[in-house]
Amino acid sequence: MEEFVVRGQNKRSPANDARSPRKKLKLESDESMKQEEEEEEEEDDEFSHPVPWQKIEAEGLDCDYALLFSKEEADHLLKQLEEEVVYSTGEEAKVQIFGKVYDIPRKQATYGDAGLTYTYSGVARLACPWTPTLEYIRDAVTKATGQTFNFVLVNRYKDGRDHMGEHRDDEKELDPLCPIASVSLGAPRDFVFRHRDARGKRTRRQIEPVKLELAHGSLLLMNSPTNTFWYHGLPVRKKISLPRVNLTFRRILLDRKKRPSVDSQQGTSDLGKISQMQKAAEAE
């Protein structure tokens, strides 16, 4: 398994390449020149927050990783989310796969702009209004990436037994040209990518999985076409006793008829495999 040490490195993301603060040339005594430079810097800071990025790449996999928040700020944000987020119960805390209903092995909540819904695994979820902390984190992600998001899926893992089976985020509601931004708070957890042609017993190709450890306060950007070719999951880790909260910020299309044409419609036929992977993880 190919592993990446995801510590901050001085690599720039594509978003920051396009919108990084302009370099000052020479000090000028002219007051108007100084004023113009200050205005340009302020303008850039409005939508670009430079962070040290690490590029993670494989065949058809394109991700950017960075530590977005310091430990102190991440601790505070996690505490606030524990007080603010209301998690789903009842039918919304279950998943339907080929007519069978399973309990979700973690807590979930959905927040976003008014009126948005997100449907996956047979369950439609209405977005609750943004909380102050979720808005703050969303805006920080936007400043770091230059991308805008109107929805977030919150997953809370009480310990290492809570997990997520392998899947692709390729629902029709999602804008396939917008990356999915994953913010992790709490216990570091392994995050595994597996190529669609290298899954199951009848694998067509030998492609090594890619494993990351997502740190407290980190941001992982899954860029296109990652979710077309690679499944991702959070496996069981029984030795972990602390909780983790993960926020995956997405952009839901308001007019699905205008959805860009990309090869991202192939995840629904693999729900049986997802169920098998979930059962295998639970048996670990």
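Which strands does helix α3 (residues 71-84) lie across? In this predicted model, local features were considered at pLDDT of at least 70 and side-chain atom pairs at pLDDT 80 or more, whereas totals for chains, interfaces and linings use all residues. Residues are numbered from 1 along each chain as its sequence is written, and side-chain values use heavy atoms, with hydrogens and water left out.

Helix α3 lies across β6, β9, β11 (180-186) and β16, and runs at about 95° to β11, where helices (H or I, at least four residues) and strands (E, at least two) are DSSP runs numbered from the N terminus, and angles, from 0 to 180 degrees, are taken between N-to-C directions of axes fitted to C-alpha atoms, for helices over the stretch in contact. Contact denotes heavy atoms within 4.5 Å. Helix α4 (residues 132-145) lies across β6, β9, β11, β14 (218-222) and β16, at about 60° to β16.

The open sheet comprises 7 strands in the order β2-β3-β14-β11-β16-β9-β6, with antiparallel pairing (at least two DSSP bridges between two strands). Because β2 (54-58) and β6 (107-112) each have a single partner strand, one side of each of these edge strands lacks a neighbour in the sheet. Strands β9 (residues 151-157) and β16 (residues 244-250) are joined by 7 bridges, and V152 has F249 as its bridge partner in β16.

The largest nonpolar core has 31 residues, and I137, V141, V154, V183, L247 and F249 have the most contacts inside it; such a core consists of buried (under 20% relative accessible area, 1.4 Å probe, protein chains only) Ala, Val, Leu, Ile, Met, Phe, Trp, Tyr and Cys residues joined through side-chain atoms within 4.5 Å. Helix α4 gives the most to this core, with 5 residues.

Terms used: Buried < 20%, exposed > 50% of the residue type's maximum accessible area, 1.4 Å probe, protein only.
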